[in-house]
Amino acid sequence: TSRYEIDSTVADVYIRYPYSKEERLSTGRPIIYFVIDTYSSMIVGVHVCFDGPNWHGASQALYNAFTDKVAFCRRYGLEIDEADWPCHHVCSQLTLDLGGENTDNHIEGILKGRIGVKIANFTAYHRGDCKGTVEKKFDIVQKKVIHFEAGKVEKVPRKEDQHASKRTLYTYEEFMFRLLKLIIHTNKNMLLEGEPNFEMARDNLKCTHLNVWNWSLAESLERPPVSKDKLRFALL
């Protein structure tokens with residue numbers, strides 16, 4: 001929980017408009033926000049919307065990162081235990097894009113809110129490698145969640161094919177269900193590059209995102225939780 005990275009990307013898929021019965025219509029391509037813990041590569045927060053990228057979406061993703069996930073996943077039909085996604089902690093440092101959606105006023109609001117974030121830093125223009133952890137997670141989503149799905153946007157489409165917006169399959173809720181399942185599976189099973197530290201090797205722990213996250217929290221000083229009202233005041 002020392003440093004979080006946040007970024008967004010446009011998903012390569014169209015989402016079905018759920019209120020049309022006669023004709024299959026598209027709501028549009030969703031924008032996915034991820035918040036990643038840099039040390040463990042744990043996905044700690046997510047938000048999916050159809051506007052932006054802007055600070056409204058980023059603040060929703062941060063609010064999700066700092067709050068409990070059990071009730072959040074239940075909204076989309078996914079039942080989990082707290083141990084499946086134990087991320088509800090405020091970071092000390094936040095790294096963002098140097099974009100128009102992340103203004104000084106927004107960042108000052110977080111710092112003045114005194115929720116625990118002490119440092120906010122911007123990466124340089126066109127330097128996605130400065131946030132390589134979160135950038136890689138977007139690549140995983142594009143390849144694993146929507147690789148062969150109907151409504152997928154092809155980079156080089158065939159001229160005779162129907163437009164992707166006319167082949168939509170998943171509603172927003174169905175897309176979120178698949179995305180959340182991938183997040184939990186990735187956190188639990190993906191291994192970090194390199195060897196675990198001596199203590200983790202001694203305890204015979206695999207160097208997965210979840211194990212590194214749990215081990216690090218167990219070995220660190222626990223910070224007091226922040227109320228939802230205080231989070232809303234600082235973020236929203």
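**Entry 1: strands**

I began with S6 and strand S7 (residues 119-122), which pair in the parallel sense over four bridges. I note that the model is predicted.

Next I followed S6 (residues 93-96) to strand S1 (residues 3-10). I found three bridges between S1 and S6, and the two run parallel. Here Glu 5 has Thr 95 of S6 as its bridge partner.

Then I looked up the pairing of S1 with strand S4 (residues 31-37). I counted seven bridges, and this pair runs antiparallel. Ser 8 stands opposite Tyr 33 in S4.

**Entry 2: helices**

I turned to helix H1 (residues 55-65) and helix H8 (residues 228-235). How do they pack, at what angle and how far apart are their axes? I read an angle of about 155° and axes 10 Å apart. Angles over 145 degrees count as roughly antiparallel, so H1 is roughly antiparallel to H8. I also checked the handedness: the crossing of H1 and H8 is right-handed.

Which residues make the contact? From H1 I listed Trp 55, Ser 59, Leu 62 and Tyr 63. From H8 I listed Lys 228, Leu 231, Arg 232 and Leu 235.

Note on methods:
Residues numbered from 1 in each chain as written. Predicted model: local features only at pLDDT ≥ 70, side-chain atom pairs only at ≥ 80, totals over all residues. Heavy atoms only, no water. Axes fitted to C-alpha atoms, helices over the stretch in contact; angles between N-to-C directions. Parallel < 35°, antiparallel > 145°, perpendicular 65-115°, else oblique. Left-handed = near helix turned anticlockwise from the far one by under 90°. Contact = heavy atoms within 4.5 Å. Pairing = 2+ DSSP bridges.
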